[in-house]
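Morning, everyone. I will go through one complex today, starting with confidence and then moving to the interfaces. Please have the viewer open.

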Amino acid sequence: MIYKNVYGRRVFDWANYVFLGGAALLCLLPLIHVLAVSFSSSSAATAGFVKLWPVGFTLASYEYALMKPQFIASFLVSLERVVLGAVINMTLTILIAYPLSKEGRQFRWRSLYAWFFVVTILFTGGLIPGFMVVKQLNLLDTVWALVLPGAVPVFNVILLLNFMRSQPKELYEAAFVDGAGHWSVLWRIAVPLAKPALATLLLFICVGHWNSWFDGLIYMNKPEHYPLQTYLQSVVINRDPSMMTTSEELKTLSQISDQTTKAAQIFLAALPILLLYPFLQKHFIQGITLGSVKE
Amino acid sequence: MKRSILYGTLAFMLFLTACSSNGNNNNTAGTPSGSAPQTSAAASPSAEPAKDPLGKYETPIEVTTARSLGSTVQFAEGESLDNNVWYRGYKDDLGIILKNEWTVPDAQYGQKMNVSIASGSIPDIVAVDLTQLQKLIESDMIMDMTEVYEQYASELTKQTLSSDGGVGWTAVTFGGKKMALPSTASVIDGTQMIWIREDWLKKVGLSAPKTIDDVLKIAEAFVKQKPGGQDKTYGLALGKDIYSGYGGIGGLAYGFKAYPKAWVKGADGKLAYGSTQPVMKQALAKLQDMFKAGLIDPEFGVYDANKVNELITSGKIGMFYGQHWNAFWPLPDSFKNDKNANWVPYPIASADSSPASSLASNGALLFYAVKKGAKNPEALVKLLNYSLEKQYGANGRDKRFFNSENTSLNLYAYDAVTAQDPLQNINIYRGVKKAFEAKSDEGLSFDVKDNYGSINKYLAGDNTFWASYKWAGPDGALSVEDYYDQQKLIVLNGFLGAPTATMLKKSSTLDTLELETFTKIILNAAPVDSFDTFVDNWKKLGGDEITKEVNDWAAAK
């Protein structure tokens, strides 16, 4: 408490606030700009008149985005994939991390198994073999093609494994003495203790699934089966107008290159993750402080 | 504690059901493949079609393809890319049941097709670009179409596909064999023109540019007098992609008879790379002069097309090198922001007294090929016959396939196999001109009537049709193309083949080197003489090999 009154300390604090505030602003401004563009009239947006406040306020682009069947369909696919993907990823992560967090004398082939998983981080089959495996398994064009190829997030497994190892062994030993088996220890002790880590992993997984787009492009055969980000990529990238040749096509040019509808769709797509963040953040901040007090 | 057990079990059970329903998927997927041999067995006896270009298969045959879908394409209730007026037409009129193996938004089509090709699983009919075509030929995945085309192509098809001056066929002919059918497109639509704000020209008291020096004078006047009323005005729009058709340096270079990125015949009759010719140095020197005089935005090196749009539509720039389609994008936005913005296209200016020739495009961008082993390769030719018949047939355009009462449906976009009359757009301009002279569009083509109608609506005061007026109107963009065509002011790229072996290996390095060098010269960050170093490096780093390969290709044609 005393050090707070020191003059140097106060200067340092203020410098900190300014620096961090500036950094936060740098992250926030682009988002606000996109939001402002999405609420603006199309010609004002094209001319770059829109900075941080809408010019010619209109909701037309949101109406357009939300009326677009493709947008809704893709939104639902993304939701489905996040829920399925999170359940599968979390379950497998927990089930793999727990045994691997044990020591060699408790789990004989531990390092062999560990390497079995770690190798997949170092080497991958590559795009085409991956595509062929998914194709041969008849998973193409189903939501499983999006969640099964990445079902075991090995990096997350390692994070959780290390977290579990850092927990006091005595807790487990006490449980075993009381007659608990591995299943009860896992679900009653290891998992509840790892809640902060699990919240972090859940966030990683949800953001990862929500944001990935390339697998949707190669594994899905119909645009209506696209997850949202794959669809969004097709909307946002600029097409070369020289490819458009007939007068019918040319007339659609201004519609395709409309900045405001792009902005509206970008914002709508970012919204769910923005909303998810505060809820999970609470968990892992709590986790960190709890840990520090105990140490 | 109990709760977490519950959650854990729930999660696990969800996972189990997830896996089991996956098993079901496998089963259902297995059923159709089991019944597939039956349908194909039923189809095979009927595979003896008459060689009528539009003849119908008695027993319908099944053909697969892959489609790209434009982002603005919409469907009527209950319709889709698998079920629409075109696909029903194929089935009812030709007996061809066309199945879309996959569909992808047009912007991602190339990528998806690459994966298909690399994994060796392509549908019967594919639309590919030249690089992909080359890959398909190298991996022996497609068949020679020469004979099938000769037998089945209708007169109209033959005429349309060769009316681009043969550029399409040149690209797809490998060792005398037609390996694909070009989806012909206009060559002349690739020409450059100068778009200038006529209202600004009047304000500064200058007239249309004839020479590059005139262009410079106009740019100077725009920068000094700021006719748009903005605090900062630039003379000429330029983006980071300096070879873009819009906001690029191509149009200015053509004025010096330099044709960057293209292969043009030199004095020795051999093809030479346009970017490394001495005339290119003069063009760059002129651009550097313009930059020094403050006529070019010093930040152009980071501007993408959207940023260039911004400068043009906000009245900060009144002149740029562009193409015919700028009438639709982004100029209407400029007009919306400022009703005085009267953009007028002019032919490119020349460095000397002779009129300048513009480079044109390579025509076809897509090529239709048939998978090796496909049972009915002629189906592709028939589909193309059908499409062209509906577009340009003797009975005029079949409106069922193009028009609909709901204007947001672009029925033409459902057509799977198509080609365009390379002169279509220029003919629209000529037709509209005729209609204005005769004050009637009686007996003219559908496209002409459509545009003539739109232009008249604009002239009657409906500003939503401004773009059509600027495109096909009396002094619209197509009038410039017509001028090029009449005066024979067009230069064609001498190399139309797929990228050569060395190009595939080296071109990314060489392109980067070129772009960096040229951008630096324009920005006055490097002396004009660094062009000579660039040429030496270009040759050493693979340019000489590429030149040889390109000339070998030309010799083999």
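This is a predicted model: local features need pLDDT of at least 70, side-chain atom pairs count only at pLDDT 80 or more; totals for chains, interfaces and linings use all residues.

How many contacts beyond four places in sequence does the model have for residues 8–49 of chain B, where pLDDT stays under 50? There are 29 of them. Taken as a whole, chain B averages a pLDDT of 88, and 90% of its residues score at least 70. For the complex, the predictor gives an ipTM of 0.81 and a pTM of 0.84.

Now the interface between the two chains. Chain A puts 61 residues into the contact, and chain B puts in 61 residues as well. The area buried between chain A and chain B comes to about 5,100 Å², and carbon and sulfur atoms give 62% of that area. What is the count of salt bridges between chain A and chain B? It is zero. Polar contacts between chain A and chain B number twelve residue pairs, with both residues at pLDDT 80 or more.

Sorted by class, the side of chain A that touches chain B has 32 nonpolar, 21 polar and eight charged residues.

Next, chain A on its own. Nine residues of domain 1 and eight residues of domain 2 of chain A make up the contact. About 660 Å² is buried between these two domains of chain A, with carbon and sulfur atoms giving 83% of it. Which residues of domain 1 of chain A lose the most area to domain 2 of chain A? They are A:Leu31, A:Val34 and A:Ser38, which together account for 50% of what that side buries.

Between domain 1 and domain 2 of chain A, the salt-bridge count is zero, and one residue pair is in polar contact, both at pLDDT 80 or more. Helix H1 (7–38) and H2 of chain A are the elements that give two or more residues to the domain 1 side. H1(A) has the largest share of that side, five residues. By class, the domain 1 side has five nonpolar, four polar and no charged residues.

One residue in chain A for those who like detail: A:Ser212 sits in the loop between helix H11 (195–211) and H12 of chain A. The side chains of A:Ser212 and A:Asp215 are joined by a polar contact of 3.4 Å. Neighbours within four places in sequence aside, A:Ser212 is in contact with A:Arg81, A:Gln229 and A:Thr230.

Last, chain B. Its domain assignment gives domain 1 (45–187 + 363–414), domain 2 (192–359 + 499–556) and domain 3 (424–487). I will take domain 2 and domain 3 of chain B. Their centres, over C-alpha atoms, are separated by 28 Å. In the contact, 20 residues of domain 2 of chain B meet 15 residues of domain 3 of chain B. The buried area between domain 2 and domain 3 of chain B is about 1,400 Å², 71% of it from carbon and sulfur atoms. B:His324, B:Phe328 and B:Phe335 supply 36% of the area that domain 2 of chain B buries there, more than any other three residues.

Between domain 2 and domain 3 of chain B there are zero salt bridges and five residue pairs in polar contact, both at pLDDT 80 or more. Strand E7 (193–197), helix H13 (331–337) and strand E11 (343–347) of chain B each supply at least two residues of the domain 2 side. E11(B) gives the most, with five residues. The residues of that domain 2 side divide into 15 nonpolar, four polar and one charged.

That is what I have.

Methods: Residues are numbered from 1 along each chain as its sequence is written. Chains are lettered from A and ligands numbered from 1 in the order in which they are written. Side-chain values use heavy atoms; hydrogens and water are left out. Domain bounds come from an automatic or database domain assignment. Contact means heavy atoms within 4.5 Å. Buried area is the accessible area (1.4 Å probe) that two parts lose on being put together, summed over both. A salt bridge is a side-chain nitrogen of Lys or Arg within 4 Å of a carboxyl oxygen of Asp or Glu. A polar contact is a pair of N or O atoms within 3.5 Å; within protein, one must be able to donate a hydrogen and the other to accept it, and residues adjacent in sequence count only if both atoms are side-chain atoms. Helices (H or I, at least four residues) and strands (E, at least two) are DSSP runs, numbered from the N terminus. Ala, Val, Leu, Ile, Met, Phe, Trp, Tyr, Cys and Pro count as nonpolar, Asp, Glu, Lys and Arg as charged, and the others, Gly among them, as polar. pLDDT is the predictor's confidence in each residue, from 0 to 100.
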